[in-house]
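Hello,

Here is the structure for you to look through. My notes on its pockets follow below.

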Amino acid sequence: SAVISQKPSRDICQRGTSLTIQCQVDSQVTMMFWYRQQPGQSLTLIATANQGSEATYESGFVIDKFPISRPNLTFSTLTVSNMSPEDSSIYLCSGITGFGGNNEQFFGPGTRLTVL
Amino acid sequence: QQPVQSPQAVILREGEDAVINCSSSKALYSVHWYRQKHGEAPVFLMILLKGGEQKGHEKISASFNEKKQQSSLYLTASQLSYSGTYFCGANNDMRFGAGTRLTVKP
């Protein structure tokens, strides 16, 4: 199993600024992911964070807006750039300890972002 | 493409049963089920890996019909602690269904 922590847990930001969210795992995970969740909605996959290389983004998400880093097997960051009120959401990171479809996904507690 | 869940919401009395369905337009080789309580992160319930496989967790069990590309989650004799939103995931692409909000009332 893996325990995932995120910082900050919540933030209120001004339009046009950027926020970097940190995700730390207590053990090595093979894959890490970033999701966005609007209140009462499902989880929307933003990207797969790849160690040492560029993240793989889902349709509708671009690197300029959501740059992601993953320097090692236990840490990743997501930056929300040039924020607007539409970016207000909960951002969650997750990880799995294997490859493919037979592995439990562990989630961080989320970062609640409000953009004014 | 994300899996499709039904129903969108269920309200139960304690002790009643419920079924949540998850289907996909693509072939599935695994299905994940998660429960998320309000204000918390999703928590893993179970994975189903093979066609026809059934698994259980407490009084929560699930089946996976590979041919029909669907899975069902069965909640038996529901408890107050079962309240939350249930998500299924087709693990080949890490996407989740829209979720089923389950409310168990005393």
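**Pockets in the predicted model**

The largest pocket has a volume of about 690 Å³. A pocket, on a 1 Å grid over the protein atoms alone, is an open set of points where a 1.4 Å probe fits, with protein on both sides within 12 Å along at least five of seven lines; lining residues have an atom within 4 Å of a point. Volume is the space filled by probe spheres set on the points, which are joined across faces, edges and corners.

This is a predicted model: local features need pLDDT of at least 70, side-chain atom pairs count only at pLDDT 80 or more, and totals for chains, interfaces and linings use all residues. Residues are numbered from 1 along each chain as its sequence is written, chains are lettered from A and ligands numbered from 1 in the order written, and side-chain values use heavy atoms, without hydrogens and water.

Back to the largest pocket. Its lining has 32 residues; A:Gln37, A:Gly40, B:Gln36, B:His38 and B:Gly39 lie nearest the centre. Strand 11 of chain B gives the largest share, four residues. (Strands are DSSP runs of E, at least two residues, numbered from the N terminus.) The lining has 10 nonpolar, 17 polar and five charged residues. Nonpolar means Ala, Val, Leu, Ile, Met, Phe, Trp, Tyr, Cys and Pro; charged means Asp, Glu, Lys and Arg; the others, Gly among them, are polar.

The second largest pocket holds about 220 Å³. Among its 14 lining residues, A:Leu43, A:Thr44, A:Leu45, B:Gln2 and B:Arg95 are closest to its centre. Strand 5 of chain A gives the largest share of this lining, three residues.

Best wishes
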